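I am opening these notes to record what I looked up in the structure shown below, entry by entry.

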Amino acid sequence: LSIGAPRGHARAAFTLLDPAYPAAHLAAVIAITQPAAWLQVAPVSADSPAPAVASWLNLSQPLSQPLLQALSQGGCPALLPFAGQRARVHPVGPADLALLSFTSGSSGVPKAVEGVHGALTHFFPWVAQQFGLSSQDRFAMLSGLAHDPLQRDMFNALWFGATLCIPHPDQFSPRALASWMQAQHISAVNLTPAMLQILCTDAIPLPQLQHAFLIGDVLTRSDVAQLQAIAPAARVVSYYGATETQRAFGYHIIEA
């Protein structure tokens, strides 16, 4: 997915599968999306200099039952090395499908939400103009792989050509997360109020944090006050949106 670029698109919509999700959920997502291919990136240790290794699997239509069975049992299909061949260039319009996001499935079955290129290419230039984000910023990727806020975490940095910092899963404890953000000089972050509370637990100062975008739940004045105490330079923005809105369709800048 080449966001914002007039050329270079593969015209291939995608969805993300998080291995932390239950196998039954992943199998349901695969059954709904009926993908034409599977791309998998092997995990890399923080201490390893080796690059991530990608593998792929062409999937027949309709989707083969052996794959669904393997997923439902927590297994993984046999994959082949990904050659990284350059995709053919296709024109892409604002109404063309870019990705499928999924609701939590609280009703029993996850529901797919179509994301189109128009909403993505509209949102990021607006963020840049409205809040002054740039290639000099350092973003933190704190969302789960299959959670739609990941699109803000990841594509913000890609759009601006900025640095995207990804913490190890072990760093999502209160002191570890704040210490990691401090060490990485994070200047922009997307948070839920619950993640904000974790971040502020030990009151570790974050003087370089300039932008904090909150979404996903009720944001209280006490939560904002805790953040402003450890990050006095941060502009706090409360977004309003849902999976169905792709990014956000309302915001409020909270003054100190």
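**Loops with positive phi**

I began with His185, which sits in the loop between helix 5 (174-183) and strand 8 (188-191); helices (H or I, at least four residues) and strands (E, at least two) are DSSP runs, numbered from the N terminus. I keep in mind that this is a predicted model, in which local features need pLDDT of at least 70, side-chain atom pairs count only at pLDDT 80 or more, and totals for chains, interfaces and linings use all residues. Residues are numbered from 1 along each chain as its sequence is written, and side-chain values use heavy atoms, with hydrogens and water left out.

Although His185 is not a glycine, I noted for it a positive phi of about 55°. Its relative accessible area of 41% makes His185 partly exposed, where buried means under 20%, exposed over 50% and partly exposed in between (1.4 Å probe, protein chains only). I then turned to Ala203, another non-glycine residue with a positive phi, near 55°, and found it in the loop between helix 6 and strand 9.

**His211**

I followed the chain into strand 9, where His211 is found. His211 is buried, with a relative accessible area of 10%. Leaving aside neighbours within four places in sequence, I listed its contacts (heavy atoms within 4.5 Å) as Phe131, Leu133, Asp137, Ser187, Ala188, Val189, Ala234 and Arg235.

**Helix 7**

In helix 7 (residues 221-230), I marked Asp223, Val224, Leu227, Gln228 and Ile230 as buried. These residues cover an arc of only 165° around the axis, so they lie on the same side of helix 7; the arc is that of the directions from the helix axis to the C-beta atoms. On the other side of the helix, Arg221 and Ala229 are exposed. Among the elements covering the buried residues I noted helix 6 (193-199), strand 9 (211-214), strand 10 (235-240) and strand 11 (250-254).

**Strand 4**

Five of the six residues of strand 4 (residues 97-102) are buried, so this strand is largely enclosed by the rest of the structure. Strand 4 runs antiparallel to strand 5 (residues 112-116), and five bridges join them; two strands pair if DSSP finds at least two bridges between them. I also noted that Phe102 stands opposite Ala112 in strand 5.

**Leu17**

Last, I looked at Leu17, which lies in the segment before helix 1 (23-33) and counts as partly exposed at 25% relative accessibility. Not counting residues up to four places away in sequence, Leu17 touches Leu26, Val29, Ile30 and Trp38. The C-alpha atoms of Leu17 and Gln40 are separated by 9.3 Å, with the two residues 23 apart along the chain.
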